[in-house]
Every structure is written in structure tokens, then in C-alpha cells.
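Visitor: I would like to understand how words such as these come to be applied to a protein chain. Could you take me through it with care?

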Amino acid sequence: SPTELQVGAQRIKAKKVVIATGSRTSIPPIEGLEEAGFLDHVSVFRLSKLPRSIIILGGGPIGIEFAQFFARFGVRVTVLEVVGQILPREDQEIAQALEAILRAEGIDIHTCTKAFRIEKDGAEKIVHGECTGAAMTFRAEEIFLATGRRPNVEGLSLEAARVKYDGKGVVVDDTLRTTARNIWACGDVTGKLLFTHVAEYQARLVVRNALFPLASKADYRVVPWCTFTDPEVARVGLTEAEAREQFGNVKIYRYNFEDLDRALCDGEAVGLTKLVCTPKGKIVGAYILGPQAGDLIQEVVLAMRKGLPVGALSQTIHVYPTLSEAVRRTADQYYREKLLSGPLKRVLQLLMRFG
């Protein structure tokens, strides 16, 4: 009921309840998959030995992280992704740059490829798929499933508590309250943004809203995330394509790690920083492909959260030599563009001429 839970033989009463049952691997309807057997990000750590080869179904963050993980242990890795790029939610330029790095490490990546049937052949598993209508076959000892997540809502008798849910998870409002006034939900089970740091943010919000009278609304406008490959891929805000669709004219500022002194000294001069801004300098998106990208993106997250323009990043003194200089040098492109184009350029030329 809305105020009672049964745990085994015990009944627990509570005036307020929080549902935080998380999510699990989503198993796609591929013929023969369950009969052939598969690994996921949980069961993989129960292996007693590494397979010689593995096919990873899904080129999202989990699939790509584990692809590099296995490849660096000497496993022959094949990645199959349905859409046209790995990390489908990321900026295309960044995803393609990471794909080139992974291919150089020997990872075989196939985008626009859908698996439709799996069968066993002795010690190997065969994946039958297609790419733009052409049949393709892949062989490996193991299959790793990285095809998304689904909420853990089954078996909870949520109907008895008058809590609505659907295929995406428990239905909640902006304050994370469910359709039952005394029940809240947080984390993956809400189907919002499936990241640990978002679940933590929601949990803190739920505690506040459940215990105190003035409810606070969840704010997902500036949510960063990171794919922990080597180098890392960190992102906040819109991709370049999303920004162009929303704002029309946008400005793109880039800086390569190959020109960054600290990255050169550390032997990690691979990657780039990318800022997506409006013509007036409002930051609407940022990407970092490089060492410690998950840490470096936080400066941009704060700037976006507080509404600081890209020029504020450029004017901030950064310690030398550090990786954080990559953010400042990317922001410097904003002023360089202004100085080298338009009326300001002509004014500067006159000033230089008459010195």
C-alpha cells in the first residue's frame, strides 16, 4: 500500500517512502542470444580467465570502456553499434576522434551494424548481422552486452501504492515525487539521466523534499558526464549539431592537446577541447577529449551554471604548466576571432599604422 512495504515475512510501515531500485542491463530481442549466453558489466568480473576474443554489442559508454579494457589485456575485440557512430549521444567530431584512437589500438569497430541472430559453434559464438542491407558474420569466444539499461520496477507491486510507471521507469514530477503524494523516486529507476552523479544529486533532492515543506525542483540544464576511456571524453551541454539546430548560428572554438606544454611533458598530447558558443559568447556546450577530461570539464560546468561567458574563462589566470590551460586556450580563440575580424581589426590596423 502507499504506507506499507512487505520484506519477506516482515511488514514495515512508513509515512514517506523513496523508491531507489536502480536499473539493469537491457536484453535486446536477438534470436539465440540467451541460449548462447552473454556477459554484462556485472557478470564480466566473475570471469576466472580472459577470453581470447569478444564481440561487444553496443558502442555506448559501457561498450566502449570495456572494449578498450579487454583490448589492453590482449583480447581481440569487435564492437557492433547500430547507429552511425560510437558514443551516439556525443558530438560527432569527438566520437570520430576517439574511434580513430581505438582503431589504432587494434579494436575492430562496425557502426550501422545490427545483430539479429546468434548461434554457438563449438567454443565460439557466431553473431549474424547486417549493415545497410549487407549480411555480416562475426565470431568470438564471448559476447558482451552493452545495449542500454532498463529500470527495476518488476515485483514491487507499485500498483498497490498507486505509483505509475512505464518502460522508462517510475513517473515522477520535477520534485521527484511519484503519483503517490508520500512516495518519491530517485536514480536510474526514474529513467532520467542514468549516471551515478545524477542519482546522487536526485537523492539529496529527495531527502530535502521529503523532509521539508518547500519543495525544490530538479535542474538538469547543466549536467556533465564522462566516458572513462584513455583518453577520457567529457561533455556538458549541447553538441555542435544540437546547438546549430537550436540557435542557428553558433561559434566553435577548438584547441589541440598536442600544443599544450603539460600534455607534451606527460606524454599524453592526444585529444582536443571544444567549446560551442553563441555569437555573443554564451557557452551552450563543451567537449574535452584528453587526459583527465572528467576533471577539466568542471570549470566549464561552473561557468555555464553561473551564466559566465566564454571570455571569463579566457581572462582567468591558470597555473602553468597544467592541463587546465587547455580550457583557457580554447576560450582565447573567442578574443582572437574578434581581434582578427570585423571593425575591431580595422581599428587595430589604424592604431598600429600610426603607432
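**Values set against definitions**

Visitor: Why is Ser 157 called partly exposed?
Guide: Ser 157 has a relative accessibility of 48%, and since buried means under 20% relative accessible area, exposed over 50% and partly exposed in between (with a 1.4 Å probe and protein chains only), Ser 157 counts as partly exposed. Please keep in mind that this is a predicted model, in which local features need pLDDT of at least 70 and side-chain atom pairs count only at pLDDT 80 or more, while totals for chains, interfaces and linings use all residues. Residues are numbered from 1 along each chain as its sequence is written, and side-chain values use heavy atoms, with hydrogens and water left out.

Visitor: Where does Ser 157 lie, and what is its phi?
Guide: Ser 157 belongs to the loop between β12 (149-151) and β13 (165-166), and its phi is near 55 degrees, a positive value in a residue other than glycine. Strands such as these are DSSP runs of E with at least two residues, helices are runs of H or I with at least four, and both are numbered from the N terminus. On that basis the chain comes to 10 helices and 20 strands.

Visitor: What makes Leu 176 count as buried?
Guide: The relative accessibility of Leu 176 is 0%, and therefore Leu 176 counts as buried. Leu 176 is placed in the loop between β14 (169-170) and β15 (183-185), and although Leu 176 is not a glycine, its phi is positive, at about 70 degrees.

Visitor: How do you know whether Gln 202 is buried or exposed?
Guide: Its relative accessible area is 1%, so Gln 202 is buried. Gln 202 lies in helix α4 (residues 196-211), and if we leave aside its neighbours within four places in sequence, Gln 202 is in contact, meaning heavy atoms within 4.5 Å, with Leu 176, Cys 186, Gly 187, Thr 190, Lys 192 and Tyr 220.

Visitor: Why is Thr 196 called exposed?
Guide: Thr 196 has a relative accessible area of 70%, which means that Thr 196 is exposed. Thr 196 also lies in helix α4, while Thr 196 and Leu 145, 51 residues apart in sequence, are 20 Å apart in space from C-alpha to C-alpha.

Visitor: What makes Ile 55 buried, and which residues does Ile 55 touch?
Guide: Ile 55 has a relative accessible area of 0% and is therefore buried; its place is in strand β5 (residues 53-57). Not counting residues up to four places away in sequence, Ile 55 touches a set of residues that includes Thr 78, Leu 80, Val 127, Phe 138 and Ile 143. The C-alpha atoms of Ile 55 and Val 77, which are 22 residues apart along the chain, are separated by 6.0 Å.

Visitor: How do you know what helix α7 should span?
Guide: The expected span of a helix is 1.5 Å times one less than its number of residues, so the 13 residues of α7 (residues 293-305) should span 18 Å, and its end C-alpha atoms, 18 Å apart, agree with this. Just after α7, Gly 307 takes a positive phi of about 70 degrees.

Visitor: Which residues of α7 are buried, and what covers them?
Guide: The buried residues of α7 are Ala 293, Leu 296, Ile 297, Val 300, Val 301, Ala 303 and Met 304, and their cover includes β17 (232-237), β19 (272-277), β20 (283-290), α8 (310-315) and α9 (325-339). An α-helix has 3.6 residues a turn, so residues three or four places apart point the same way. The buried residues of α9, in turn, have a cover that includes β18 (251-256), β19, β20, α7 and α8.

Visitor: Where are the cis peptide bonds that join Asp 230 to Pro 231 and Tyr 320 to Pro 321?
Guide: Pro 231 is found in the loop between β16 (225-227) and β17, and the omega of its bond with Asp 230 is about 5 degrees. Pro 321 lies in the loop between α8 and α9, and there omega is about -5 degrees.

Visitor: How many of the residues of the whole chain count as buried?
Guide: Of its 355 residues, 46% count as buried.
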